[in-house]
Amino acid sequence: LVMTESQWFSEKEASNRLGISVATLKLWREVGYLKPGTHWRSAPNDESLPWKPNVIYHLRWCKEGIEYWKNKDAALSHHIAA
């Protein structure tokens, strides 16, 4: 069994690693490009639930989702930083 670095990151860290803004991550989550349980989930031990949950993102799955939507939806591509 090989232990690897966690793929789950805070909203800010995920936005930095993906090269997109936190606002874009939130938008894609709200419109359904990023799916709960797969691409994102509420952070554990979050005392602000249910009103303002802290969200964590799975980096690899988000990258795959973003690539999928870039290929399917031209409107998505203008949100990605060059």
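Q: Does Tyr 57 count as buried or exposed, and at what relative accessibility?
A: This is a predicted model. Tyr 57 lies in strand E3, residues 55-58. Buried means under 20% relative accessible area. Tyr 57 counts as buried, because its relative accessibility is 0%.

Q: Which residues is Tyr 57 in contact with, leaving aside its neighbours within four places in sequence?
A: Contact means heavy atoms within 4.5 Å. With neighbours within four places set aside, the partners of Tyr 57 are Gln 7, Trp 8, Phe 9, Glu 11, Ala 14, Leu 25, Lys 26, Arg 29, Leu 34, His 39, Trp 40 and Cys 62.

Q: How many Å apart in space are Tyr 57 and Leu 25, C-alpha to C-alpha?
A: Leu 25 is among the contacts of Tyr 57. The two are 32 residues apart in sequence. Their C-alpha separation in space is 9.2 Å.

Q: Does Leu 34 count as buried or exposed?
A: Leu 34 is found in the loop between H2 and E2. Its contacts beyond four places in sequence include Leu 25, Trp 28, Tyr 57 and Cys 62. The relative accessibility of Leu 34 is 1%, so the residue counts as buried.

Q: What distance separates the C-alpha atoms of Leu 34 and Gly 65?
A: Along the chain, Leu 34 and Gly 65 are 31 residues apart.

Q: What pattern does the protein chain follow along the sequence?
A: The chain has 4 helices and 3 strands. Read along the sequence, they give the pattern β-α-α-β-β-α-α.

Q: Are the axes of H1 and H2 roughly parallel or roughly perpendicular to each other?
A: The axes of helix H1 (residues 11-18) and H2 come within 9 Å and cross at roughly 100°. Angles of 65 to 115 degrees count as roughly perpendicular. H1 and H2 are therefore roughly perpendicular.

Q: Which residues of H1 and H2 make the contact?
A: H1 contributes Glu 11, Lys 12, Ala 14, Ser 15 and Leu 18. From H2 come Val 22, Leu 25, Lys 26 and Arg 29.

Q: Why is the pair of Trp 8 and Trp 61 edge-to-face rather than stacked?
A: The structure holds 3 aromatic pairs. In the pair of Trp 8 and Trp 61, the ring centres are 6.3 Å apart and the planes stand at 85°. Planes over 60 degrees apart count as edge-to-face. The pair is edge-to-face because its planes are at 85°.

Q: How many residues apart are Trp 8 and Trp 61?
A: Trp 8 sits in strand E1 (residues 8-10), and Trp 61 in helix H3 (residues 59-72). The pair links distant parts of the chain, 53 residues apart.

Q: What is the angle between the planes of Tyr 33 and Trp 69?
A: Tyr 33 is in the loop between H2 and E2, and Trp 69 is in H3, 36 residues apart. Tyr 33 counts as buried at 18% relative accessibility, while Trp 69 counts as partly exposed at 24%. Their rings lie 4.7 Å centre to centre and form a tilted pair, with the planes at 45°.

Q: Which residues form one aromatic cluster?
A: Tyr 33 and Trp 69 form an aromatic pair. The cluster consists of Trp 69, Tyr 33 and Tyr 68.

Q: Over which ring does the charged end of Arg 41 sit, and how many Å from its centre?
A: The charged end of Arg 29 sits over the ring of Trp 40, 5.1 Å from the ring centre. For Arg 41, the ring is that of Trp 8, with a distance to its centre of 3.9 Å.

Technical notes
Residues are numbered from 1 along each chain as its sequence is written. This is a predicted model: local features need pLDDT of at least 70, side-chain atom pairs count only at pLDDT 80 or more; totals for chains, interfaces and linings use all residues. Side-chain values use heavy atoms; hydrogens and water are left out. Helices (H or I, at least four residues) and strands (E, at least two) are DSSP runs, numbered from the N terminus. Rings of Phe, Tyr and Trp (its six-membered ring) pair if their centres lie within 6.5 Å; planes under 30 degrees apart count as stacked, over 60 as edge-to-face and the rest as tilted. Buried means under 20% relative accessible area, exposed over 50%, partly exposed in between (1.4 Å probe, protein chains only). A charge sits over a ring if NZ of Lys or CZ of Arg is within 6 Å of the ring centre and within 35 degrees of the ring normal. Axes are lines fitted to C-alpha atoms, for helices over the stretch in contact, and angles run from 0 to 180 degrees between N-to-C directions. Angles under 35 degrees count as roughly parallel, over 145 as roughly antiparallel, 65 to 115 as roughly perpendicular and the rest as oblique.
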